[in-house]
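I opened the notebook to record what I looked up in this structure. The entries follow the order of the look-ups.

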Amino acid sequence: MNASQQIAILGSGNIGLSLAKGLVKAGICKPQQITLTRRNVAALAEYAQEGYATTDNNLKAVKKSDIIVLAVLPQQLNKLLDEIRPSIKPEKQLLISVISGVSCNDIRQQLDLNVQVIRAMPNTAIAIGHSMTCIATDNGTNKNINLVKSLFDTVGVSIQINEELMTSATALCACGIAFFLRSIRAASQGGTEIGFHAGDALKMAAQTAKGAADLLLQLSSHPEQEIDKVTSPSGCTIAGLNEMEHNGFSSAMIKGIKLSAEKAGDLYKKDVH
């Protein structure tokens, strides 16, 4: 991005605000280049003090922006698109959607405008620069795809995927944050039961989870390869793993991801059909 470009984030909830903070923290743009919108604009007072433009007027925000990020709930999208349509300039603006289960074509059809739309599915770790973001489009130019990748690469890791996989990406990466957090929470509860103070158990579990993830990412290793290094014949690790598997640990995770993917795909469709 250059210093003259403006971004409007329509629907400044957790993901929208995380994106704004991440972009500023990474030095991609200044707060003055970002307009945050929310129906309850008073909730954005802290951001206004930091230099962000804040408003409850989506139409006004879109009019002055080059990049428009759609970050509302799926059920709110059609109303938002109807609201901002008069300000959309298809030849000059780029729409980035972070909304689950909504295709690029869904957005163009509702707007009845041939505007470029690129979907991005980050997760809340974007706020600390560790998001896993999946990017897809059906009509975005290579230049705009690279622009979107550059935005999200600075606040984590991004990959481009086929658009038909975006709902699956929502389940694995966006919902997945909650799944792994719950796993860490469960581990910390186990730690408390075997004698550690709750705060210590949580810190130990979280750092252990971070270490496990870094082993895979930094060594390009496979989970089973690393598991084999920890398990010994008749040992305590394999006993614990097998007990978890007997109780459906892997199966529960797989079923949860599949159900989340189904739900994510239905959120928008239920509203419009």
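**Aromatic pairs.** I searched the whole structure, a predicted model, for aromatic pairs and got 1. The partners are Tyr47 and Tyr52, with ring centres 5.7 Å apart. Their planes stand at 70°, so I logged the pair as edge-to-face, the class for angles over 60 degrees. I then checked accessibility for the two residues: Tyr47 is buried, and Tyr52 is buried as well.

**Chain overview.** I noted 273 residues in the protein chain, of which 39% are buried. I counted 11 helices and 8 strands in the chain. Along the principal axes, the C-alpha atoms fill a box of roughly 70 × 40 × 35 Å. I also looked at contacts between residues at least 6 apart in sequence, and 63% of these join residues at least 24 apart.

**Cavity.** How many cavities of 30 Å³ or more does the structure hold? I found 1. The space in the largest cavity comes to about 30 Å³. Two elements give two or more residues each to its lining, namely α1 (14–25) and α6 (142–153). I listed the lining residues as Leu19, Leu23, Val69, Ile96, Leu151 and Phe152. Sorted by class, this lining has 6 nonpolar residues, with no polar and no charged ones.

**Second largest pocket.** I put the volume of the second largest pocket at about 860 Å³. The elements that contribute two or more residues to its lining are α1, α4 (77–84) and α7 (166–193). Which element gives the most to the lining of this pocket? I found that α7 does, with 4 residues. The lining has 33 residues, and those nearest the pocket centre are Gly11, Ala71, Val72, Leu73 and Gln76. By class I recorded 15 nonpolar, 13 polar and 5 charged residues in the lining of the second largest pocket.

**Asn123.** Is Asn123 buried or exposed? I read a relative accessibility of 5%, which is under the 20% cut-off, so Asn123 counts as buried. I placed Asn123 in the loop between β6 (116–121) and β7 (131–137). A polar atom of the Asn123 side chain lies 3.1 Å from the backbone oxygen of Cys173. Leaving out residues up to four places away in sequence, I listed the contacts of Asn123 as Ile15, His130, Ser131, Met132, Cys173, Ala174 and Ile177.

**Positive phi.** I looked up two serines whose phi is positive. For Ser220, phi is near 50°, a positive value in a residue other than glycine. Ser220 sits in the loop between α8 (198–219) and α9 (223–230). Its relative accessible area is 66%, over the 50% cut-off, so I marked Ser220 as exposed.

For Ser234, phi is near 60°, again positive in a residue that is not glycine. Where does Ser234 lie? I found Ser234 in the loop between α9 and α10 (236–246). With a relative accessible area of 82%, Ser234 is exposed.

Methods:
Residues are numbered from 1 along each chain as its sequence is written. This is a predicted model: local features need pLDDT of at least 70, side-chain atom pairs count only at pLDDT 80 or more; totals for chains, interfaces and linings use all residues. Side-chain values use heavy atoms; hydrogens and water are left out. On a 1 Å grid over the protein atoms alone, a cavity is a set of points where a 1.4 Å probe fits but cannot get out, and a pocket is an open set with protein on both sides within 12 Å along at least five of seven lines; lining residues have an atom within 4 Å of a point. Grid points are joined across faces, edges and corners, and a volume is the space filled by probe spheres set on the points. Ala, Val, Leu, Ile, Met, Phe, Trp, Tyr, Cys and Pro count as nonpolar, Asp, Glu, Lys and Arg as charged, and the others, Gly among them, as polar. Buried means under 20% relative accessible area, exposed over 50%, partly exposed in between (1.4 Å probe, protein chains only). A polar contact is a pair of N or O atoms within 3.5 Å; within protein, one must be able to donate a hydrogen and the other to accept it, and residues adjacent in sequence count only if both atoms are side-chain atoms. Contact means heavy atoms within 4.5 Å. Rings of Phe, Tyr and Trp (its six-membered ring) pair if their centres lie within 6.5 Å; planes under 30 degrees apart count as stacked, over 60 as edge-to-face and the rest as tilted.
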